[in-house]
Structure formats: C-alpha cells, structure tokens
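Me: I would like to go through this structure with you. Could you take my questions as they come?

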There are 2 protein chains.
Amino acid sequence: MSHMGYRRLMAVDRDHVLRSAAALLTRKSTATMDEVAKAAGISRATLHRQFAGRDALVRALEALGIAECEAALDAARLDDGPAEDAVRRLVHGIESAAGLLAFLYTENQLFEGEEQNAGWATIDDRISALFRRGQLGGEFRIDLTPAWLTEALYGLLASGAWMVQSGKGAPKDFTHMIAELLLGGALRREEP
Amino acid sequence: MSHMGYRRLMAVDRDHVLRSAAALLTRKSTATMDEVAKAAGISRATLHRQFAGRDALVRALEALGIAECEAALDAARLDDGPAEDAVRRLVHGIESAAGLLAFLYTENQLFEGEEQNAGWATIDDRISALFRRGQLGGEFRIDLTPAWLTEALYGLLASGAWMVQSGKGAPKDFTHMIAELLLGGALRREEP
DNA sequence: CCCATGTGAGACATGACTGTCTCACCATGG
DNA sequence: CCATGGTGAGACAGTCATGTCTCACATGGG
C-alpha cells in the first residue's frame, strides 16, 4: 500500500496477483484462469495482460517461490552457529512460503520432460550443504543422506501447509512441529 | 447374472487396469483417459465400460489405496510390542502403496466437498492410535501430536515415493530413510 | 456350425478452458 | 477541457478431454 503512482507500473499489482494466485492454487491446483483472476479481484483480460498464459503464471509463481526460498535461506544464516539452530531458523523463515512451495512441489512433477528451473538445484545444494555441515560437525547422524533430509524437509513443509490449510493443525504449531520432527524425531530422547 | 468364469475374468482385468492406472497417474497425475487405457493395454471404450468416467476411476483408485493401507495396517500388527517397531513394520509394509498414496494425497478433489471417503478417517485413527500408544507408553515424545505425526508420515511417504520415482533415491533405502527420520530425527543420538 | 459376448477403432457431439479480440468506461495527466 | 492508457465485460474461435454411440471383428460356448 504505497504511493498510487506505483500501481500504474504493475509492480505492486503484479505481486498482489501473484500472491492471490499462490493462495488459490495452493488450495485448488486446478483453478481456472478466470478463478485466479477473480481471486485477485481483476478481470481475466487484465490477468492475461500481465501473464501471457497459464504456463507463464506458473513460471512466475515458480520464480516467486525460488526467490522466497533464497530469501529465507539468506535470513537463516545457514553457516552460523550450530546446524541444528540453523535448521530451526530456516523452518521458521520459510513458513510463510510453505503453501506456495507445496503447490510448486506437486506441480513440478508435471514438468517432467521439460527443462526445469536451475534455481531449485541451487536451493537444494544450499540446504544439503547445511545438513552435510551438521553431519561433519557431529551434530547430525550420517545414515540419512543430505539429499534425503532436504527432500524430507520439503515433504514436511508441504504436509504442514496442507494441515494448516485444512484446519487440522494450528498455524502457531507449524514451525515447532516441522523442526522438532525433522531434528529430533518421534522417539523420546533421554535427558543427557 | 453371475457366471463363475465371467466374474473371475472381469475381476482380474479390473485389477490389472487399476494397477496400471495407479502406476501411470503416480508419474503423470494429469494423464488422459486415453493414456490410462493405452497404459493398461486396452481401448478407451473398454476402459469406459469398466469405469463410468475419470471420476469413477479415481474413486476406484482411492478405494484401492484405502484397501492397501488397511492391509498394511493389519499386517503391521500395530498393537503388538513396542510402538517403535510397529512403526517400522508399518512403513515397510506400506512401501508398495506409497506411489498410489502420493497420487491420492495430492488429488485434493477427493478431500474437498462433503462426500469424502470415510476410509481415510479410519486409517488416520488407527495410525494416530499407534502414536498415542507410543506416547502413553513413554516411547514417544508428547509435544508432537498424533495427528501431526500421522500427517508427517504421509508427507514423508510421498516424498520418498517421488524421490524414488525421480531416481534421486534408491528404492532399497526407502523404508530406512522414512522410518529412521520419523522415529529418530536428524540429530545424532547419544548412546545410552 | 452359428450365435453371443466382449472388444477395438473410430466418429460424433458436448462442454470446459484457453487465447485473442473489440469496445465502452473512467481515472489520471497534460 | 480533452487525450491517454489501463481496465472490465464480453464475444469469438480454437483446442482438448470427455462421454456416447456405432460397427466390424474375434473368440468361445452351445
């Protein structure tokens, strides 16, 4: 909500449309362009003026998801302090993007044959590096590969997002549930 | 109306079609009825004779997934011995159905609307009861709710299935990765 | 042998979504 | 004041999956 002048340049509007689309498609991944437009409070014509088509919209959402992931990764300072704490910071910082990630996570299977955005590989590498650092530092167990831990994080984020979405879980528990399960597991830990 | 040979022949064909469809839709959730038919080695007309439409096919797949889950739950003997071991047995037994489950898990059409299959609630309850038993017995930590642990199990199964599907993980690691992460988490456990 | 049943192939109509277009409207800036 | 440009509404054709239909064929039983 800033100066009116920005609205003419589509930057603010575009972001709003993108986030509305993300929120809608997270709930209903098969939503129509018309539904996306209505959810954003604009007409289908305007939606189509900003995004050439459904494919372009999904690509833009993918770019948004990647950007938010990168931002969360930066904010979490993955190289600082214990890896365990870095994981907690990461889960906390990525919470707001979890819904969008859940949508992209299932949509990505669709682009099987196509070229897929290299941004995901970068993100995978950064998260994997965090888990590897934890393993090398003796914090994390070594029988679970960094690649699997990364994938598991995605899966848990998606599960958490859907759970909150469906009302079966409280948003305030999101970070704790995911981080604690990922780090500590279900077994009760003996106090040292 | 029923002749023994007739019934048996249809049953076998139907099961084969169902499993082919499950395998295909796991990889490509938007596959056409024509593609489903070709994958099963039958024509679209015959596919339509067995399943009134795409919706009926998905519902049949849902019933199959529920049946396989129930079978895995029975085979895992959730009430016997330590809950930890029961979880391991369950993960191992449900592995073969994980791909189908991952497909159904993302088919949110099944979960919106009022007429969602009650079989899922039964399965949720049985798995939740297992986690609750582990908590009451002092095996599992109590700050992670049974409902969340159940949802997390679904998410990890889906992640594992997709990882194996995309070739980023070995099928032989499936059970170990999921069960160990779910039970023990990423943190290295001090030897007692 | 003949007939019945299941099947495959394909035509056909239907509906839904998409992408493109036009046109009237209205707020802003000159 | 008018000119501009973005917008909403709607028309339009094209595309694709679906559901239904017909018909020829083959396999198997009476």
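Me: Let us begin with a helix end. What follows α8(A)?
Reply: α8(A) is followed by Gly167(A), and the phi of Gly167(A) is positive, near 80°. Please keep in mind throughout that this is a predicted model.

Me: And in chain B, which residue takes a positive phi just after α8(B)?
Reply: There it is Gly167(B), with a positive phi of about 80°.

Me: How far apart are the end C-alpha atoms of helix α8 of chain A?
Reply: They are 30 Å apart. The helix covers residues 146–166, and at 1.5 Å a residue its 21 residues should span 30 Å, so the two values agree.

Me: How many residues of α8(A) are buried?
Reply: In α8(A), 17 of the 21 residues are buried, so the helix is largely enclosed by the rest of the structure. In α8(B), 17 of the 20 residues are buried, and this helix is therefore also largely enclosed.

Me: Let us take one residue of that helix in chain B, Ser159(B). Is Ser159(B) buried or exposed?
Reply: Ser159(B), which lies in helix α8 of chain B, has a relative accessible area of 0%. Buried means under 20%, so Ser159(B) counts as buried.

Me: Which residues is Ser159(B) in contact with, leaving aside its neighbours within four places in sequence?
Reply: The contacts are Tyr105(A), Trp148(A), Glu151(A) and Gly155(A). With Glu151(A) there is also a polar approach: a polar side-chain atom of Ser159(B) lies 3.5 Å from the backbone oxygen of Glu151(A).

Me: How are the two chains related, then?
Reply: Chain A superposes on chain B through a rotation of 179° with 0.1 Å of shift along the axis, giving an RMSD of 0.3 Å. The two copies are thus related as by a two-fold rotation axis.

Me: Which residue of chain A comes closest to the rotation axis?
Reply: That is Gly185(A), whose C-alpha is 1.9 Å from the axis.

Me: Now the DNA. How many residues surround DNA strand D?
Reply: There are 14, and the closest are Ser43(A), Thr46(A), Thr32(B), Met33(B) and Arg44(B). Of the atoms of DNA strand D within 4 Å of the protein, 57% belong to sugar and phosphate.

Me: What sits at the phosphates?
Reply: An N or O atom in the side chain of Ser43(A) is 3.0 Å from a phosphate oxygen of DNA strand D.

Me: Which elements give two or more residues to the surface near DNA strand D?
Reply: These are α3 (44–50) of chain A and α3 (44–50) of chain B. α3(A) gives the most, with 4 residues.

Me: And how do the residues of that surface divide?
Reply: The surface near DNA strand D has 3 nonpolar, 6 polar and 5 charged residues.

Definitions and conventions
Residues are numbered from 1 along each chain as its sequence is written. Chains are lettered from A and ligands numbered from 1 in the order in which they are written. This is a predicted model: local features need pLDDT of at least 70, side-chain atom pairs count only at pLDDT 80 or more; totals for chains, interfaces and linings use all residues. Side-chain values use heavy atoms; hydrogens and water are left out. A residue is near a molecule or strand if one of its heavy atoms lies within 4 Å of it. A polar contact is a pair of N or O atoms within 3.5 Å; within protein, one must be able to donate a hydrogen and the other to accept it, and residues adjacent in sequence count only if both atoms are side-chain atoms. Ala, Val, Leu, Ile, Met, Phe, Trp, Tyr, Cys and Pro count as nonpolar, Asp, Glu, Lys and Arg as charged, and the others, Gly among them, as polar. Buried means under 20% relative accessible area, exposed over 50%, partly exposed in between (1.4 Å probe, protein chains only). Copies are superposed by least squares on the C-alpha atoms of residues with pLDDT of at least 70 in both. Contact means heavy atoms within 4.5 Å. The expected span of a helix is 1.5 Å times one less than its number of residues.
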